[in-house]
There are 2 protein chains.
Amino acid sequence: MFTERIYNFSAGPSMLPEAVLAKAQSKMLNFGGSGTSVMEMSHRSKAFVDIFDETKTLLKALMGVPDSHEILFLQGGASLQFAMVPLNLIGKTGKADYAVTGNFSNLAMKEAKHYGEIHEAASSADQNHTYIPAQDQLNLSKDAAYFHYCDNNTIYGTEWNYVPDTGAVPLVSDMSSNILSKPMDVSKYGLIYAGAQKNMAPAGLTVVILDKSLLGLELSHTPTMLRYQTHVDADSMYNTPPTYNIYMLGLVLNWIEARGGLTAMERYNEEKAAILYDYLDESALFKACALPEFRSKMNVTFVTGDPDLDAKFAKEAGAAGLSNLKGHRVVGGMRASIYNAMPMEGVSALVEFMKEFEQNNR
Amino acid sequence: MFTERIYNFSAGPSMLPEAVLAKAQSKMLNFGGSGTSVMEMSHRSKAFVDIFDETKTLLKALMGVPDSHEILFLQGGASLQFAMVPLNLIGKTGKADYAVTGNFSNLAMKEAKHYGEIHEAASSADQNHTYIPAQDQLNLSKDAAYFHYCDNNTIYGTEWNYVPDTGAVPLVSDMSSNILSKPMDVSKYGLIYAGAQKNMAPAGLTVVILDKSLLGLELSHTPTMLRYQTHVDADSMYNTPPTYNIYMLGLVLNWIEARGGLTAMERYNEEKAAILYDYLDESALFKACALPEFRSKMNVTFVTGDPDLDAKFAKEAGAAGLSNLKGHRVVGGMRASIYNAMPMEGVSALVEFMKEFEQNNR
């Protein structure tokens with residue numbers, strides 16, 4: 001039983017800023033004198049449409065989304081995007097390139113194979129996904145309808161440290177676990193998608209940002225709800241969107257803005273990650289999994305080398321209010337997910353706990 | 001500005017029980033001593049899996065879902081089910097029957113036409129959907145893979161007053177706007193689906209209850225996320241489900257159970273609807289739209305006959321804390337949605353307001 005809030009290192013759903021939760025709490029039964037909860041508002045009501053518009057406008061401003069691109073608020077998570085991307089985009093040539101740098105990019109590629117000719121343009125499987133292929137290791141196809149990659153690999157703890165140059169072939173990126181963690185040049189992308197439950201909002205919302213010039217090539221059997229065009233035409237209101245999640249995203253975006261926007265978030269995230277990686281590099285017990293130049297700022301994977309000791313660590317840390325540090329089942333070891341909402345104090349507390357654990361378990 | 005909560009007659013998203021909102025509010029930052037919000041819990045954590053299991057068990061008990069059927073917690077709303085139903089079920093014969101009794105059943109039929117041979121088994125369009133076709137008006141196909149109908153028509157305010165007898169052809173029903181409003185014999189259905197945002201939980205959750213013997217006939221191009229089998233195999237955890245919505249559904253189910261379950265809800269809903277319909281039948285100004293024997297207990301549609309007066313009524317009612325009474329744009333007039341969470345006091349207040357309005361506007 002914790003009477004105070006713990007530091008939750010879950011990979012997602014994950015921590016939300018405490019100030020955001022407190023704000024949502026205070027307005028739970030009566031939002032802004034409306035006499036209703038945001039959860040109860042018709043998605044077509046003026047009160048909710050105002051929330052929706054403000055959220056979209058703020059996301060556009062914070063990320064610098066150009067007018068060529070549309071922001072969509074959808075459902076189904078990244079897993080549904082694994083199908084929507086090829087269903088909507090592969091029609092141009094019938095072919096697409098995929099880089100495989102982890103579990104989810106591999107699932108994305110497998111799903112796409114149902115809808116066209118898929119070429120594995122790169123893979124880091126040869127070294128258990130501890131690195132990111134370099135630009136000159138990308139085996140690009142000139143006739144690909146798009147190039148797909150996952151910008152941050154939640155399970156393996158790696159992150160692309162460059163934006164791939166694919167010439168005229170549109171870039172499609174799964175940014176579920178690092179969207180809003182730093183500035184990014186949206187104009188370089190044909191399509192960005194992200195499940196909200198890591199850096200944006202509670203689970204149940206999927207954000208898609210797409211270049212409208214890519215629309216109009218859906219495969220004929222694409223369901224209405226899986227056509228981006230449907231949602232562009234209706235401004236994400238073809239049917240009832242996940243209204244409360246959109247409201248929560250708005251609160252998170254306001255929180256980011258008040259802290260200085262994405263440049264400030266990047267600086268803060270780099271500092272947080274450095275504390276942890278610096279300790280890992282000097283520890284005699286713990287070892288970081290990812291190679292230095294490809295290390296994720298969001299998901300820090302590490303091991304002791306002894307699975308029993310790993311389990312002991314995760315258990316004792318949990319009891320001390322540092323929760324969800326057990327690594328994903330496909331890689332084992334530990335994982336500390338330190339998204340935007342994880343405060344510096346949480347990372348410091350973790351490092352202190354690790355030092356103590358190291359001392360007690362040499 | 002309302003300092004107290006209003007009566008919200010929205011068709012969905014719609015009112016939630018105040019006790020449910022208050023409970024969620026009190027646990028927003030720290031659920032049951034976990035030190036985290038439910039919004040922040042990993043969907044694979046024991047704390048959340050307990051919530052998930054309790055919610056599913058309670059829904060199964062309240063609705064009397066037989067062991068032959070599986071309960072799924074999905075995303076995308078009823079609109080995505082319009083595609084998932086044919087993609088998963090039409091394969092048996094390539095044909096399906098649809099009854100059209102309103103806007104959404106018509107959209108469901110249109111979507112299904114992409115995936116097989118669709119037969120309109122009945123339609124109430126000839127009388128502007130003010131009635132429900134009788135059993136002997138259903139033109140049933142012996143070789144249909146299923147028969148689809150919408151049990152309650154939110155826009156037109158009609159509700160099926162019987163369960164269609166389709167012999168060996170499985171019944172598929174969209175119950176988005178009347179699920180949990182009364183007991184129903186789930187064993188009679190091959191598949192029931194419902195968007196949660198009317199009688200269950202905040203928008204973003206779709207509940208599907210299906211007979212597992214219907215699985216295994218997906219069309220070959222069906223995306224992984226649109227196969228019911230995917231979600232049955234993973235107990236709705238193939239990817240991150242809308243965790244907070246599931247939690248809220250659990251709170252709503254507990255609230256229903258404490259009030260005596262679905263038999264008690266039915267009695268209460270019948271009483272609420274009777275107060276309103278009785279007044280409509282004696283009023284000289286207002287007139288109910290649906291024919292008496294097909295009137296919905298959930299969505300009460302009515303008109304004055306004068307669109308300007310209708311608009312005046314909705315506006316004045318809104319100012320008096322009786323909100324969202326404007327009818328859907330395709331039918332005009334007024335609509336009072338009185339789902340489970342609308343208290344008797346709300347309906348009484350509406351009738352009192354209508355009487356006053358009638359007196360002032362004869």
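## Salt bridges between the chains

A salt bridge is a side-chain nitrogen of Lys or Arg within 4 Å of a carboxyl oxygen of Asp or Glu. In this predicted model, that rule finds two salt bridges across the interface of chain A and chain B. The side chains of Arg5(B) and Glu40(A) form a salt bridge, with 2.8 Å from N to O. The pair meets the rule because 2.8 Å is within the 4 Å cut-off.

Polar contacts also cross the interface of chain A and chain B: 27 residue pairs are found, with both residues at pLDDT 80 or more.

## What chain A brings to the interface

Three elements of chain A give two or more residues to the side that touches chain B: helix 1 (18-26), helix 3 (77-89) and helix 6 (243-258). Helix 1 of chain A gives the most, with six residues.

How do the residues on the side of chain A that touches chain B divide into nonpolar, polar and charged? There are 27 nonpolar, 30 polar and seven charged residues on that side.

## Extent of the interface

The size of an interface is often given as the accessible area lost when the parts come together. For chain A and chain B, the area buried between them is about 4,800 Å². Of this area, 56% lies on carbon and sulfur atoms. Within chain A, the residues that lose the most area to chain B are Leu29(A), Met39(A) and Glu40(A), together 14% of what that side buries. Glu40(A) is also the partner of Arg5(B) in the salt bridge described above.

Counted by contact, 64 residues of chain A meet 64 residues of chain B.

## How the two copies are related

Chain A is superposed on chain B by a rotation of 180° with 0.0 Å of shift along the axis, and the RMSD is 0.0 Å. The two copies are therefore related as by a two-fold rotation axis. Which C-alpha of chain A is nearest the axis? It is that of Gln25(A), 2.7 Å from the axis.

Both copies use the same surface: 100% of the contact residues of chain A recur in chain B.

## A sheet in chain B

Chain B holds an open sheet of three strands, in the order 11-12-14, with antiparallel pairing. Strand 11 (287-288) and strand 14 (334-337) of chain B are the edge strands, each pairing on one side only.

Strand 12 (residues 299-303) of chain B runs antiparallel to strand 14 of chain B, and four bridges join the two. In one of these pairings, Asn299(B) has Ser337(B), in strand 14 of chain B, as its bridge partner.

Key:
Residues numbered from 1 in each chain as written. Chains lettered and ligands numbered in written order. Predicted model: local features only at pLDDT ≥ 70, side-chain atom pairs only at ≥ 80, totals over all residues. Heavy atoms only, no water. Contact = heavy atoms within 4.5 Å. Buried area = accessible area lost by both parts, 1.4 Å probe. Polar contact = N/O pair within 3.5 Å; in protein donor to acceptor, adjacent residues only side chain to side chain. Nonpolar A, V, L, I, M, F, W, Y, C, P; charged D, E, K, R; others polar. Pairing = 2+ DSSP bridges. Least-squares fit on C-alpha atoms with pLDDT ≥ 70 in both.
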